[in-house]
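Before reading on, please take a moment to look over the sequence and the model, and keep both at hand while you work through the points.

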Amino acid sequence: MPARISPQATSLFRSKFLVVPRLSTKQWRYSSTIPTQSPKTLPSFSMEGKVCLITGAARGLGNEFCRAFVQSGCTTMAIVDLKESEAKDAAKELSDLACVNSDLKKEDIKIIGIECDVSSELSVQRAYAETLNTFGRVDSVVASAGIVENYAAFDYPFDRIKRLYDINVHGSFFTAREAARNMIPQGGGSIVLVASMSANIINIPQPQTPYNASKAAVRHMASSLAVEWAKKERSSQRPQPWIYGHQTYQDDSQPRPELKKTWESLTPMGRIGEPDDLSGAIVFLASDASRFMTGSEIRVDGGYTII
């Protein structure tokens with residue numbers, strides 16, 4: 001879900017999402033190159049000149065979002081994740097990739113890695129402070145950090161439920177609130193809260209009640225903040241990635257074969273999503289292309305939730 005803030009007070013939040021003008025991110029990721037010429041597209045989709053901050057960005061979905069932003073012209077970015085070493089390694093890798101087959105030089109790219117536990121408001125505030133000290137402002141924020149676990153309701157340990165809510169719900173709120181505090185005085189910005197199709201339906205066959213509820217909370221959070229901040233900001237939607245085999249906050253696992261087969265059979269498009277299926281939506285929500293949207297939701301789910 002994103003949030004935006006503008007002088008004209010047109011909008012503020014975003015959430016489920018994504019597509020970049022379209023040189024596939026797969027081609028870029030696996031060849032470790034960036035196209036020498038950008039495809040023709042509307043200028044409002046460009047991320048050039050924007051300072052971006054992405055949580056949960058050292059790997060998985062969050063890292064894919066970073067790559068999409070760089071492909072769309074962003075050269076100033078904060079990669080925020082739980083472990084400082086992983087965030088800094090990801091920042092270096094992305095900086096190197098940005099210069100491959102490109103007119104950009106090392107000195108043209110400023111991508112930093114920041115340690116942050118999003119479940120701690122103080123840690124989130126420190127991450128923003130470091131970003132602001134480095135770049136002077138933040139234009140687009142994506143709250144991508146999140147975890148998922150599969151326990152039957154009777155067996156779910158309380159400490160793990162609390163941890164999930166602290167990261168998925170409180171972490172999204174801390175990230176969005178701190179973004180707005182800094183964006184409103186500067187006159188604008190975009191906040192994207194990443195929810196899930198699980199905010200709207202019940203996934204089967206795996207049990208994950210607390211996760212589903214946490215993403216429903218994020219979905220409604222974006223709508224509520226959009227209304228509260230609509231006169232102060234610009235756009236609000238939630239990018240909502242769909243189920244697919246991706247890394248989560250601290251999890252490198254892939255979906256079990258039996259789950260993958262079930263999910264594919266329930267999806268009209270016949271497959272589960274890949275990380276780069278979300279690239280276009282995230283760029284749309286974080287860029288000026290969605291400036292008159294707020295409190296909206298984009299689902300990228302292969303049609304799963306329409307049947």
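This is a predicted model: local features need pLDDT of at least 70, side-chain atom pairs count only at pLDDT 80 or more; totals for chains, interfaces and linings use all residues.

The protein has eight helices and nine strands, and buried residues account for 52% of its 307 residues.

**The protein as a whole**

- The accessible surface of the protein comes to about 13,200 Å², and carbon and sulfur atoms hold 53% of that surface.
- When contacts in the protein are taken between residues at least 6 apart in sequence, 80% of them join residues that are at least 24 apart.

**Helices H5 and H6**

- Two packed helices are described by the angle between their axes and the distance between the axes.
- For helix H5, which covers residues 158–186, and helix H6, which covers residues 209–229, the axes come within 10 Å and cross at roughly 15°.
- That angle makes H5 roughly parallel to H6, because angles under 35 degrees are counted in this way, and the crossing of the two helices is right-handed.
- On the H5 side, the residues that meet H6 are Ile161, Leu164, Tyr165, Asn168, Val169, Ser172, Phe173, Ala176, Arg177 and Ala180.
- On the H6 side, the residues that meet H5 are Pro210, Tyr211, Ala213, Ser214, Lys215, Ala217, Val218, Met221, Leu225 and Trp229.
- By class, the residues of this contact of H5 with H6 divide into 15 nonpolar, three polar and two charged.

**Helices H4 and H5**

- Helix H4, made of residues 121–135, packs with H5 at an angle of about 40°, and the axes of the two helices are 10 Å apart.
- At this angle H4 is oblique to H5, and H4 passes H5 in a right-handed crossing.
- In this contact Glu121, Val124, Gln125, Tyr128 and Leu132 of H4 meet Phe174, Thr175, Arg177, Glu178, Ala179, Arg181 and Asn182 of H5.
- The contact of H4 with H5 has five nonpolar, three polar and four charged residues.

**Helices H2 and H3**

- The axes of helix H2, residues 60–71, and helix H3, residues 84–98, come within 11 Å and cross at roughly 30°.
- That makes H2 roughly parallel to H3, and H2 passes H3 in a right-handed crossing.
- From H2 the contact takes in Asn63, Cys66, Arg67 and Val70, which meet Ala90, Glu93, Leu94, Leu97 and Ala98 in H3.
- The residues of this contact of H2 with H3 divide into six nonpolar, one polar and two charged.

- Is Asn168 buried or exposed? Asn168, which has its place in helix H5, is buried, because its relative accessible area is 0% and buried means under 20%.
- If residues up to four places away in sequence are not counted, Asn168 touches Gly146, Ile147, Tyr211, Ser214, Lys215 and Val218.
- One of these, Val218, is 50 residues away from Asn168 along the chain, and the C-alpha atoms of Asn168 and Val218 are separated by 7.7 Å.
- Arg160 is also found in helix H5, and Arg160 counts as partly exposed because its relative accessibility is 29%, a value that falls between the limits of 20% and 50%.
- Leaving aside neighbours within four places in sequence, Arg160 is in contact with Glu149 and Tyr151.
- Arg160 and Glu149 are eleven residues apart in sequence, and from C-alpha to C-alpha they are 8.7 Å apart in space.

- Ala217 lies in helix H6, and at 29% relative accessibility Ala217 counts as partly exposed.
- In sequence Ala217 and Ala199 are 18 residues apart, while in space they are 7.6 Å apart, C-alpha to C-alpha.
- The peptide bond from Ile204 to Pro205 is cis, with omega near 10°.

Methods. Residues are numbered from 1 along each chain as its sequence is written. Side-chain values use heavy atoms; hydrogens and water are left out. Helices (H or I, at least four residues) and strands (E, at least two) are DSSP runs, numbered from the N terminus. Buried means under 20% relative accessible area, exposed over 50%, partly exposed in between (1.4 Å probe, protein chains only). Contact means heavy atoms within 4.5 Å. Accessible areas come from the Shrake-Rupley method with a 1.4 Å probe; for residues, only the protein chains shown count as cover. Axes are lines fitted to C-alpha atoms, for helices over the stretch in contact, and angles run from 0 to 180 degrees between N-to-C directions. Angles under 35 degrees count as roughly parallel, over 145 as roughly antiparallel, 65 to 115 as roughly perpendicular and the rest as oblique. A crossing is left-handed if the near helix is turned anticlockwise from the far one by less than a right angle, and right-handed if clockwise. Ala, Val, Leu, Ile, Met, Phe, Trp, Tyr, Cys and Pro count as nonpolar, Asp, Glu, Lys and Arg as charged, and the others, Gly among them, as polar.
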